[in-house]
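Here is a short briefing on one helix and on some aromatic rings. Please look over the sequence and the structure before reading on.

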Amino acid sequence: MLGNENKDRIQTYYRALFRAWGPQHWWPAQSRLEVIVGAYLTQNTAWTNVEKALANLRRARVLSLRGIRKISLSELERLIRTAGYFRQKAKRLKLFVAFLDERYQGSLNKLFARPTNDLREELLSLHGIGPETADSILLYAGNHPVFVVDAYTRRIIARHCILSEKASYEEIRDVFERALAPVAESVADFSDAENKTFAAGTAGGAHPPSAMSAAKRTALTQVYNEMHGLIVGVGKNYCRKSKPSCNECPLYAFLPKENLG
């Protein structure tokens with residue numbers, strides 16, 4: 001069970017980060033398919049490499065369901081080579097489009113109309129989709145209310161003694177979802193940002209606004225979206241795997257005494 005203390009801490013972290021950095025504008029994409037392709041490509045590589053691969057797909061005019069469906073496997077591999085593991089990822093992208101065609105007549109609208117838990121199980125049954133990729137697709141492409149757990153999340157909660165490093169993905173996801181659900185009931189968390197100016201691309205892990213990041217969504221989905229982006233900002237800029245910059249981090253005041261550097 002999630003103790004009230006840890007529940008309050010996660011809520012406090014969210015509010016502290018959001019007030020410091022504002023909206024993070026995740027996921028940076030112009031379409032739902034671009035989010036899905038990005039979720040596949042970002043596996044085991046840096047986002048900068050993904051951006052290069054996405055740019056190649058755009059230039060070739062194949063960043064669409066029809067484009068991925070029609071392009072040869074070898075050409076798709078060539079275009080996404082910068083993202084690493086390009087042969088595996090090309091096959092998995094082809095597999096996703098085939099799945100969408102067979103089960104949902106090639107319609108993302110029909111896909112994302114499925115109940116969240118049912119669709120999550122379907123996505124997890126596809127080769128090459130693990131929990132983080134499935135939840136990224138659900139949250140950022142489908143606007144389903146699920147929290148995405150990544151390596152940054154694990155590192156931060158371990159260093160802040162919220163959960164063990166050995167906690168399962170599902171345990172961490174459940175903890176964050178239950179802790180953050182009450183935050184979505186307060187519009188104050190969003191109205192604060194409307195009256196502040198944040199430097200695009202410099203606040204945490206922020207991206208410039210995009211069609212997908214500005215899409216309408218429920219308050220709960222938005223809170224999960226923002227918290228994941230805020231955590232990425234902490235992990236990339238401060239809570240690094242080696243040589244963390246704890247005393248410069250917005251969460252420094254909340255770090256347990258035994259972990260103070």
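Helix 3, residues 47-59, is made up of 13 residues and reaches 18 Å from its first C-alpha to its last, close to the 18 Å expected at 1.5 Å a residue. The model is predicted. The points below take up this helix and then the aromatic rings.

**Helix 3**
- Buried residues in helix 3 are Val50, Ala53, Leu54, Ala55, Asn56 and Leu57.
- The cover over these buried residues includes helix 2 (32-41) and helix 5 (73-79).

**A pair within helix 1**
- There are 12 aromatic pairs in the structure.
- In one of them, the ring centres of tyrosine 14 and phenylalanine 18 are 5.8 Å apart and the planes are at 15 degrees; planes under 30 degrees apart count as stacked, so this pair is stacked.
- Helix 1 (residues 4-21) holds both tyrosine 14 and phenylalanine 18, which are 4 residues apart, about one turn of the helix.
- Tyrosine 14 and phenylalanine 18 are both buried.

**A pair between distant parts of the chain**
- Tryptophan 21 and tyrosine 238 have ring centres 6.2 Å apart and planes at 10 degrees, so they too form a stacked pair.
- This pair links distant parts of the chain, 217 residues apart: tryptophan 21 is in helix 1, and tyrosine 238 is in the segment after helix 13 (219-237).
- Both tryptophan 21 and tyrosine 238 are buried.

**An aromatic cluster**
- One aromatic cluster is formed by Trp26, Trp27, Trp47 and Tyr140.

Definitions and conventions. Residues are numbered from 1 along each chain as its sequence is written. This is a predicted model: local features need pLDDT of at least 70, side-chain atom pairs count only at pLDDT 80 or more; totals for chains, interfaces and linings use all residues. Side-chain values use heavy atoms; hydrogens and water are left out. Helices (H or I, at least four residues) and strands (E, at least two) are DSSP runs, numbered from the N terminus. The expected span of a helix is 1.5 Å times one less than its number of residues. Buried means under 20% relative accessible area, exposed over 50%, partly exposed in between (1.4 Å probe, protein chains only). Contact means heavy atoms within 4.5 Å. Rings of Phe, Tyr and Trp (its six-membered ring) pair if their centres lie within 6.5 Å; planes under 30 degrees apart count as stacked, over 60 as edge-to-face and the rest as tilted.
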